[in-house]
Amino acid sequence: MAIDLPGEVPIASSVTLVSPASPKELLADPRVSASTVVEYISSRARTISSVYIYDLAEQVGFGTLTKIWSKAQEGTAQVVDLQTRAGAGLSLVGRLSEGTSSDTASGAVLTAYTSPQGLSMMAPALSYLPPAAASSRLVIQVPNITPTGETFTLSPSLANFATILPILPDNIVVLASATSQETVHFTQLSYQLSSSHVIHIFDHYSSSRELGHATLPLPEKDYGNVSVTEAIQRAGYSSFEYIGDTEAHTVVLALNGPLAVAAKAFANKSRRGFAAVSVNVLRPWDEAALRSVLPDTVKTVHVLDDVPNATTKGPLYIDVFSTLLDSMNPPSVHSHRVTPSQTQVYMSQKDSFKTFLGSLVPELKDPVPAIMKKLMFFSTPRTTLSNLPLLVEGTLSSSKSLSSRLSIDHDVFSKRGGITASHILLAPKSALGSDIPIPLVLPYDAQTTGEVDFLAILDQTILKTHSVLKYAKPRSTLLIVTTWTAEELFSNLPVQVTKLILERELRPFIINVTDVAENLTSAAKQVKDVISNIIAYLAFMRMYLGAAATEENVLTLAIGSYGETVEGVELAKLNSQTWDALEEVLFTEASVEEKSVELREFEFNAIAIETDEGDTVVNGARLGSWHDAAKHLLFPAIFSPPLETSDEEFPQHPSLRPELPERTFLVTCTVNRRLTPKEYDRNVFHLEFDTSGTGLKYSIGEALGIHGWNDGQEVTKFCEWYVVDPNRLVTIPVPGSEDKHHTRTVFQALQQQIDIFGRPPKSFYIDLAAYATSQADKYSLQFIGSAEGSSMFKKLGEKDTVTFADVLKRYSSARPGIEVLCELIGDIKPRHYSIASAQSVVGDRVDLLVVTVDWVTSSGSPRYGQCTRYLAGLQIGQKVTVSIKPSVMKLPPNNTQPLIMAGLGTGAAPFRAFLQHKALLHSQGETIGPVYYYFGSRHQSQEYLYGEEIEAFILDGIITRAGLAFSRDGPPNVKKVYIQHKMLEDAQELAKMLKHDQGVFYLCGPTWPVPDMYEALCGALEKYQGMSKEQAGEYIEGLKEEERYVLEVY
């Protein structure tokens, strides 16, 4: 393949983009990935009010740059860090909802970053979004990449999204992009759809992280005053992209992503009755558009659906099936449920996806250009040569005739310090199929027979620990950068590596770049590092050019890229020394007496970003070095290396795994005391748990996750009705795992794991319909699960509050086997409660304040909150599985800062912890600031929670001012008094504390008083600090960013 390499290439290639220039410059720069451009577009202060970055987004390598920009330059919107937890998304709803924020008056376009996993937790809150407007809407950028399996291998599976798509409100547009160009255009478009909230899902697994793509900006047109379909068309796209034979009889349809791109490439190459359709706009679903792209010749449509398990019917199939059902001659529609493990097979096993397509369509033609060259580099992060792939790609991408693509992946589990794998694919720009995702062209296939035309090992130790040479194509060349001599290389290699070199007739070349650099310059280490990279680059060019390589040709190409000198060293001298130092190693048979050693596989489980400060951010964890990267990877609280014993005093023992893996503890209930009178209609109770011997530590204001059980009597009654033996053994998936199973009794499963008394999603009705033997039940279930049945589904869920068990009883002919039923329903999620104690005071104990949740349905049936019912029934000595969740409720760093605490009902819980800690400081002689405590409930005599403790805190001077509001204690015809009225009595002091004394305001409790609290504080600032209404609102918003206006509402 001919190479024309004009122009100079920067020696220090950078992809961190700490100081981005303009959008046009970013789009034109092939060294900037599409994911980086997404972050840039999504964080501009001129169009965005705030960027909310959820932890799960950063844990898949998205959002770090936005944080860096927000600190380093003007023009970046305010950044707010958020934890993904139950109720995730409510803060966004609050910012856009009338009365809770000044944003509704001044306008707010909010950006949120989260992962598919995080989006599934946000979805319930999104149903409360107010209507979108040009100046008040939400755009959620979702990088499509998800950790899977025991080593958290990253995957482009959207299985989590499948469960929440049916419950998304109608005012949210869902866009899906796959290529770099689409990703940039759909990002720009998402901010121009002025009458819609938007979720944009893009391929962060492969194409959007690749380097080498220069993209064009979105055409300048009016996208805001037209329908979504018209806007997409004006942008040059369609809701459904059809590629392949115009008279196809077989069509494969998938949501736009890596598999859809691959399917379209196969269809474009093969034709002959085959076509592929990618879904670019998932919501609103355009039935007419889908019918219009499918020719009348289509007989069969195969729908690929990402689903959490093989028993779940995918929402995409339901949409396609219902659309085509009413056609004149409807094609048969087949569902192919792609679980996360199946997605991983397609991404990690060569030709597995091609084999799958071949089972649907015979005579497939491979779309990967035969002339495509595949390069692969293995190194260890932050070593001298870690930037070499960037230098090589930078040179190759400057070619006018070549398409060059680079992807960089990391594995921090299999080797201490981590391993980096870099792929470069080269093909003529005119070649079809050159945009197929790199993992599908060159996967990390453990059974590979060799695909790589050129393989470089930039750290010699990798050869002793990992099976990497197997990626080399037979009779290809290897570049090994090493300090070993040829003899030492032979003696250090495991016997199976030597055999592989001989069997495939590989040609290994070695070079010691450190020695060459030492001989050429005595400058500082940084200069020598640059020289070392150029030496390795020259060695690469000599080997890559093969027979066309001469010392003169390589020098000419290098001078074209770097000039005649590098760091004061003549390039001609560098090239000559490199030419002499590069040595081919001839291998002979290894000793038969030598034993093979176990070599590990490379697995893509981390995304790294280097900052200008020299830090490395690996999946959201900022590291000074890579040596402890695995400890911080993905979910820092739960990583523990396999097969290693812990030397911790209290090693982790996970018992229940919620939707996010987290450390769990087994604590003992020691106190369960009702605080309200027995005759009172609300059961508020106080719990204490003994944590001694567990290692459980918590900070003031954090929440305790309760992994509750279903009521045993209710489970027994259900087993009797379902005619299943509660003592029968069943094998079901381990919570949070797709491929691990454990065996339990039916009773244990239904009581401790399966959410049988939870609220069913829409997809459950569709799944259950397949098991109905009565046609009436079948049609009813299908109707409720369809788009037309939304009002019925809403009534069942919100008015009748039906449970899974209720649905089964209502449509009793639908009776799947108990194992299938368990998988259809899924697991109980932990519930989180604010901790009502300070560990600095109570020691090995954790306290909770809980109110029992119960109600009566429209039909008169009693209902109980699953977890509060479990907690209310706890016996002294009973063991409970718990976990810790961080919270926004934190004490300020300075103990003299004034505190303004407002708690409604059980919202008093975190403030009890605050007051305990303040009292401890006071008893130790430390100065504490003013504490204003506001508490509200209905009756003082019945619901003054922790009243005796509060009165003692007042007498001891811990509480400076107490504003107690008991709304039902006044005369019948007198206006009720709430805590906002008590705050107005202290308005002058509150305004002073917030404006001049660095005071912090906290609210914990239900959401309904938030607007009144907000207005009370704004009014105080207006009246006593001379602010206008707008200035007061802006000041409160500023307090939010300073964590001095803190809400914990539900």
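This is a predicted model: local features need pLDDT of at least 70, side-chain atom pairs count only at pLDDT 80 or more; totals for chains, interfaces and linings use all residues.

Reader: How do I describe two packed helices?

Author: Two packed helices are described by the angle between their axes and the distance between the axes. Here, H23 (residues 551-562) and H24 (residues 571-581) pack at about 135°, their axes 10 Å apart. Helices are DSSP runs (H or I, at least four residues; strands are E, at least two), and angles run from 0 to 180 degrees between N-to-C directions of lines fitted to C-alpha atoms. That makes H23 oblique to H24 (under 35 degrees is roughly parallel, over 145 roughly antiparallel, 65 to 115 roughly perpendicular, the rest oblique).

Reader: Which residues of H23 and H24 meet?

Author: Glu551, Val554, Leu555, Ala558 and Ile559 of H23 meet Leu571, Ala572, Asn575, Ser576 and Trp579 of H24, where contact means heavy atoms within 4.5 Å. By class, that's seven nonpolar, two polar and one charged (Ala, Val, Leu, Ile, Met, Phe, Trp, Tyr, Cys and Pro are nonpolar; Asp, Glu, Lys and Arg charged; the others, Gly among them, polar).

Reader: What about H11 and H15: at what angle do they cross?

Author: Roughly 60°, with the axes coming within 11 Å. H11 and H15 are therefore oblique to each other. Leu259, Ala262, Ala263 and Phe266 of H11 make the contact with Phe353, Lys354 and Leu357 of H15.

Reader: Now cavities. How many are there?

Author: Six of 30 Å³ or more. A cavity is a set of points on a 1 Å grid, over the protein atoms alone, where a 1.4 Å probe fits but cannot get out; lining residues have an atom within 4 Å of a point. Points join across faces, edges and corners, and volume is the space filled by probe spheres set on them. The largest cavity has about 280 Å³. Of its 22 lining residues, Leu158, Leu255, Leu304, Asp305 and Asp306 are closest to the centre. The lining divides into 16 nonpolar, four polar and two charged.

Reader: And which elements line the second largest cavity?

Author: H11, H15 (352-360) and H17 (438-441) each give two or more residues to that lining. The volume of the second largest cavity is about 150 Å³, and among the residues closest to its centre are Phe266 and Lys354.

Methods
Residues are numbered from 1 along each chain as its sequence is written. Side-chain values use heavy atoms; hydrogens and water are left out. On a 1 Å grid over the protein atoms alone, a cavity is a set of points where a 1.4 Å probe fits but cannot get out, and a pocket is an open set with protein on both sides within 12 Å along at least five of seven lines; lining residues have an atom within 4 Å of a point.
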